[in-house]
Amino acid sequence: MQEVFDKLRDLQGILAKKFTVLEEIKEIPRTLETKEELLNRGKRTYIEKHERLEKTSEELKALRVALDEAERARETSEKQMELISTQREFEALEKEIKDASSREQSLRKSLLAKEKYFSELQEQLEEHEQLMEIQEEEVKTETEKKDVLLGEKQSELDELKEQEGRLIPGIDDSILFKFERIIRNKAGVGIVPVHGLVCQGCHMTLPVQFVNDVRKGDDFRFCPYCSRVLYWEDTEMLDQFDQPIDETEIEEAGLADFVDSDEFDDLLS
């Protein structure tokens, strides 16, 4: 069993690195995806603005035609003023001239506003084109960067898998499966020692008989609190554990005789 525990201690570092690399491999394309999405969104916006520009251009043409017609109508009415002979004709023609002038002024204002809007759209499109050029260059650079990074990470992953492959022979598949899950869920730490009565993974005090079973080292024991694999580790300050722990002695002496004072402080904090 000691050989298996040794393998698990070596394996946990390799597995932790492997899972980290796998996450990094998943994350690397996401930066590119974000930039591609921004570029695609920018292209859609550009198309919409370009369509708006073309529509505005058509509206400008229509306004210019309408303005020319209004000017001609006013000029025609003004020329007819020389030919009228009655007051009623004069009043009617005067109203036509006034209406034509009013329409002409209204069309001229609309034309000026539309020309200003058209000019602003042109500027926006030019700025948008420059922005898309920058975004396209970023996508190109990020694509090249992604390929390089993925290649590096894949090489690192292959090396870790090779190291893993050298360690896993002799480890039961069910234990290996559980161990990998623990590594994923416990920040890369799947096997920890027991010092005294304390799990060094979660710093919880363990039952005496349970610790005796861990110390025997004849089977796998998982911490009932943090689920990590446990193994016994002698420490200089715990020489009294050279013999199996006796529950009667613990009842008489108390936990202070078996637990490192610093570890006990951890329990109280």
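Author: Start with a term: a salt bridge is a side-chain nitrogen of Lys or Arg within 4 Å of a carboxyl oxygen of Asp or Glu. The side chains of Glu104 and Arg108 form one, at 2.8 Å from N to O.
Reader: What kind of model is this, and how are residues numbered?
Author: The model is predicted: local features need pLDDT of at least 70, side-chain atom pairs count only at pLDDT 80 or more, and totals for chains, interfaces and linings use all residues. Residues are numbered from 1 along each chain as its sequence is written, and side-chain values use heavy atoms, with hydrogens and water left out.
Reader: Back to that pair. How many residues apart are Glu104 and Arg108 in helix 2?
Author: Four, so about one helical turn separates them. Helices here are DSSP runs of H or I, at least four residues, and strands are runs of E, at least two, numbered from the N terminus.
Reader: Is Glu104 buried or exposed?
Author: Buried, because its relative accessibility is 8%. Buried means under 20% relative accessible area, exposed over 50%, and partly exposed in between (1.4 Å probe, protein chains only). Arg108 has 35%, so Arg108 is partly exposed.
Reader: Give me another one from helix 2.
Author: Take Arg166 and Glu162, both in helix 2 and four residues apart. Their side chains meet in a salt bridge at 3.3 Å, N to O. Arg166 is exposed at 52%, while Glu162 is partly exposed at 46%.
Reader: New topic. What is the overall pattern along the sequence?
Author: It reads α-α-α-β-β-α-β-β-α-α. That is six helices and four strands. Of the 269 residues, 33% are buried.
Reader: Why is helix 4 called largely enclosed?
Author: Seven of its nine residues (208-216) are buried, so the rest of the structure largely encloses helix 4. Among the buried ones are Val208, Phe210 and Asp213.
Reader: What follows helix 4?
Author: Gly217, with a positive phi near 65 degrees.
Reader: Last one. How much accessible surface does the protein have?
Author: About 17200 Å², and 48% of that belongs to carbon and sulfur atoms. Those areas come from the Shrake-Rupley method with a 1.4 Å probe; for residues, only the protein chains shown count as cover.
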